[in-house]
Structure formats: C-alpha cells, structure tokens
Amino acid sequence: MVHSGDTVTLMCSVLSEYNTADIRMFWFRSESGKSEILYTQNKSETDSAQNCTFSLSKNIVSQVDTGTYYCAVVTCGKILFGNGTKLNMVKPVDPLVMILSVLLGVCVVVITAQAILSHKKEKYYCNKEKESEKGFIPA
C-alpha cells in the first residue's frame with residue numbers, strides 16, 4: 001500500500017551462470033489486462049560475477065501509477081519474468097467524512113450526558129418525594 005507522492009524502489013536480482021554484462025532488464029506494469037513497458041535498463045549493481053541487482057524508482061502520483069510491476073530479464077535468447085510486485089494506493093479520507101465522524105462523536109457524548117443527568121434528576125426528585133411522605137402526618 002502506498003500513498004500519493006510516495007517514491008517506491010523496486011528491486012530485481014538476477015543470478016546467472018552467464019556473464020552478467022549481457023543481461024538486459026525490462027520493467028513493465030500490468031493493470032486490468034493492459035501492460036506497458038516502463039523502462040529498459042542495461043546497468044546494474046553487481047555483487048559478484050554471476051549476481052546483479054536492477055532497481056527501478058517510481059514516484060506514485062495517482063491511481064494510474066498503481067498495478068503490478070514486473071521485471072523481465074533478457075539474456076542468451078531467453079526471457080525470464082519476475083514474480084511481480086503489486087502496488088495499491090491508499091485512498092485518502094474525505095474531509096466531509098472526518099467532519100461527520102467528529103460531529104457524531106459529539107452527539108453521542110451529549111446524549112450520554114443528558115441521559116445521566118436525567119437519571120440523576122429523576123432519582124433526586126424520587127428521594128425528595130419519599131422524604132416528604134415520611135415527614136407528612138395525616139390529619
């Protein structure tokens with residue numbers, strides 16, 4: 001899950017029995033059955049002669065930037081696809097929903113306070129009535 005404005009760095013590591021200099025990396029995004037190539041990369045960070053890591057930094061601006069991101073390696077006439085990383089955007093909370101939530105909370109507090117005061121008032125008058133009955137002498 002990402003927020004609008006976040007920058008995400010996707011990594012793709014390749015372990016090859018061949019020379020890693022011959023590897024070409026493609027990054028693409030797939031969403032709702034549509035795919036688009038985002039970036040082609042030849043350079044990588046090489047850990048050893050047989051292991052290299054490719055990275056893609058992507059600034060997530062809107063819902064259009066979400067989807068499943070894949071890396072694809074082309075080497076020695078073969079294409080290998082990564083498992084993919086799914087990016088979903090967190091939907092911002094509508095300010096109206098926040099205002100209504102606060103107002104609802106205030107209403108609940110006021111209604112609860114009124115119920116408690118009403119109960120105490122009823123109890124007070126009930127006790128006063130009982131005291132006056134005890135002190136009252138019939139003629």
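## The disulfide

Let's start with the cysteines. In this predicted model, a search of the whole structure turns up 1 disulfide. The partners are cysteine 12 and cysteine 71, whose sulfur atoms sit 2.0 Å apart. That pair of sulfurs counts as a disulfide because the cut-off is 2.5 Å. The torsion about the S-S bond of cysteine 12 and cysteine 71 is about 55 degrees, so this disulfide is right-handed.

The bond joins distant parts of the chain. Cysteine 12 belongs to strand S1 (residues 7-15), while cysteine 71 belongs to strand S6 (residues 67-75), and the two are 59 residues apart.

How buried is cysteine 12? Its relative accessibility is 8%, so cysteine 12 counts as buried, because buried means under 20%. Cysteine 71 is also at 8% relative accessibility and therefore counts as buried.

## The overall layout

Now step back and look at the whole chain. The protein chain contains 8 strands and 1 helix.

How much of the protein chain is buried? Of its 139 residues, 21% are buried. The accessible surface of the protein chain amounts to about 10600 Å², and carbon and sulfur atoms supply 59% of that surface.

Contacts tell us about the chain too. Among contacts in the protein chain with a separation of 6 or more, 60% are between residues 24 or more positions apart.

## A nonpolar patch and the helix

Which residues form a nonpolar patch on the surface? They are Leu96, Ile99, Leu100 and Leu103, and together they have about 400 Å² of accessible area.

One of these, leucine 103, can be found in helix H1, which spans residues 95-135. Leucine 103 has a relative accessible area of 48%, which means that leucine 103 is partly exposed.

## A buried aspartate in a loop

Finally, find the loop between strand S5 (51-59) and S6, where aspartate 65 lies. Is aspartate 65 buried or exposed? Aspartate 65 is buried, as its relative accessible area is 12%.

What does aspartate 65 touch, leaving aside neighbours within four places in sequence? Aspartate 65 is in contact with Arg29, Lys58, Asn59 and Ile60.

How values were computed. Residues are numbered from 1 along each chain as its sequence is written. This is a predicted model: local features need pLDDT of at least 70, side-chain atom pairs count only at pLDDT 80 or more; totals for chains, interfaces and linings use all residues. Side-chain values use heavy atoms; hydrogens and water are left out. Patches are made of residues with over 30% relative accessible area and no salt bridge: like charges are joined within 9 Å, nonpolar side chains (Val, Leu, Ile, Met, Phe, Trp, Tyr) within 5 Å. Accessible areas come from the Shrake-Rupley method with a 1.4 Å probe; for residues, only the protein chains shown count as cover. A salt bridge is a side-chain nitrogen of Lys or Arg within 4 Å of a carboxyl oxygen of Asp or Glu. Helices (H or I, at least four residues) and strands (E, at least two) are DSSP runs, numbered from the N terminus. Buried means under 20% relative accessible area, exposed over 50%, partly exposed in between (1.4 Å probe, protein chains only). Contact means heavy atoms within 4.5 Å.
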